[in-house]
Amino acid sequence: MAETWFGLLGFTLTLFAILDGWNIGAGAVHWFAGRTGAERREIIAAIGPHWSWNEVWLLGFGGTFLLAFPRVMAASFAGFYLALWFVLWSFILRGISIEVGGHIHDRLWQSWWDFVFAVSSIVLAVLFGAALGNVIRGVPLDDSGRFSMSLFTDFGVRGRVGILDWYTVSVAVFTTVLLSAHGATYLRLKTLRAVHQRSERLARWLWVTAFVLFAVISLETWVVRPALYAAMIERPVAWLAVAVVLAGGWALFRGLRGAAEGRAFAGSCAVIAGLLGGAAASVFPVMLHSTLAPGQSITVYNGAAPAHGLAMALIWWPVALVLAFTYFAVIMREHRGKVRPITETQGYS
């Protein structure tokens, strides 16, 4: 039963990374794909209809996390308190910038909120990447099952580590480039004219950079936790994830070379899904690896809720999933197609 909920947890996180990932990535390249106020409002219009809905998957991830693995969540929220504070404020500022940026037709007002939108999106990408790096590297769990972390210590990856070190910073940079490439690929699909052309160039360069950084991160991961690769070899699910990454990379290559914008975007989604799936399959069953003593790590089994409660929750979880996908289908149908260029006299909505 715990294995099932681990899979559901990974599923909700992957959907959030893909769906809100293109919004965060579009925000990260906001100032590069759009040169004028009208072009930046065109980018906002491309993600505007469903930006808040995509974040619902983060709430679904949090609810699933709390329900299925309360001990892991309690330790994580206490240990990553500082990082979570930054995440919360980045989400708040990003939402405010989207909602109020077009309320006043003033160049200074709109430029300021465009800047806030871009910075908060980049900060979110960096923070999520650092969080992924911490999960892979491990945290300083003691024998009480708790940990506390400063922003950084000696930048080492052993012992009493901090949130940032050479490995987690590397993963944060890679994740920022990856989500930026994903966002640029989405904007290529949804926009026209100048924004479309810049997004296309950005997508090509960012994806090349992302795959180069992925090779570097893979080597660094072998240094930090070589056991993950041994686990990957033994698990067919990890092989499937690798196949998804390769298929997504091929679709990206073909789509970015030609005019197959939908194929490129599907490949972008597949690459992110494959990378997260491979990471989840490799770390299983460990959810919080201890850098102090591996025996003190929290696993899927000793961190899960009682089996009876997990079984009861499986009754309502599929119902919520069907409702979520139904609403998603309605939203996507109503806002399909490309966004038309916006004039300087138009607002965000």
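These legends go with several close-up views of the predicted model shown above.

**About the model.** Residues are numbered from 1 along each chain as its sequence is written, and side-chain values use heavy atoms, with hydrogens and water left out. Because this is a predicted model, local features need pLDDT of at least 70 and side-chain atom pairs count only at pLDDT 80 or more, whereas totals for chains, interfaces and linings use all residues.

**View 1. Confidence along the chain.** Let's start with pLDDT, the predictor's confidence in each residue, which runs from 0 to 100. Its mean over the chain is 87, and 95% of the residues reach 70 or more. Among the elements of the chain, helix H9 has the highest mean pLDDT (95), while helix H4 (residues 51-54) has the lowest (74). Helices here are DSSP runs of H or I with at least four residues, strands are runs of E with at least two, and both are numbered from the N terminus.

**View 2. Helix H1 against helix H5.** Two packed helices are described by the angle between their axes and the distance between the axes. For helix H1 (residues 2-28) and helix H5 (residues 56-68), the axes come within 8 Å and cross at roughly 160 degrees. That makes H1 roughly antiparallel to H5. The axes are lines fitted to C-alpha atoms, for helices over the stretch in contact, and the angles run from 0 to 180 degrees between N-to-C directions. Angles under 35 degrees count as roughly parallel, over 145 as roughly antiparallel, 65 to 115 as roughly perpendicular and the rest as oblique. H1 passes H5 in a left-handed crossing, meaning that the near helix is turned anticlockwise from the far one by less than a right angle (clockwise would be right-handed). On the H1 side, the residues in contact include Trp5, Leu9, Leu13 and Phe16, and among their partners in H5 are Trp57, Phe61 and Phe65. Contact means heavy atoms within 4.5 Å. By class, this contact of H1 with H5 holds 12 nonpolar residues, 3 polar ones and no charged ones. Ala, Val, Leu, Ile, Met, Phe, Trp, Tyr, Cys and Pro count as nonpolar, Asp, Glu, Lys and Arg as charged, and the others, Gly among them, as polar.

**View 3. Helix H10 against helix H12.** The axes of H10 and helix H12 (residues 236-257) come within 11 Å and cross at roughly 155 degrees. H10 is therefore roughly antiparallel to H12, and their crossing is left-handed. Ala203, Arg204, Trp207 and Phe211 of H10 meet Gly249, Leu252, Leu256 and Arg257 of H12. The contact of H10 with H12 divides into 5 nonpolar, 1 polar and 2 charged residues.

View 4. Phe128 lies in helix H8. With 22% relative accessibility, Phe128 counts as partly exposed (buried means under 20% relative accessible area, exposed over 50%, partly exposed in between, with a 1.4 Å probe and protein chains only). Leaving aside neighbours within four places in sequence, Phe128 is in contact with Phe16, Ile24, Val87 and Phe91. The C-alpha atoms of Phe128 and Ala17 are 9.4 Å apart, although 111 residues separate the two along the chain.

**View 5. Phe32 in helix H2.** Helix H2 (residues 30-33) holds Phe32, which counts as exposed at 52% relative accessibility. Phe32 touches Arg198 and Leu202, not counting residues up to four places away in sequence. From Phe32 to Ala118 is 86 residues along the chain, and their C-alpha atoms are separated by 9.8 Å.

**View 6. Backbone angles to look out for.** Most residues other than glycine have a negative phi, and most peptide bonds are trans. The peptide bond from Phe284 to Pro285 is cis, with omega near 5 degrees. Pro285 sits in the loop between helix H13 (261-283) and strand S1 (286-288). Phe155 has a positive phi, near 65 degrees, and lies in the loop between helix H8 (107-137) and helix H9 (166-190). Phe155 is partly exposed, at 37% relative accessibility. Arg193, found in helix H10 (residues 193-224), also has a positive phi, near 55 degrees. With a relative accessible area of 63%, Arg193 is exposed.
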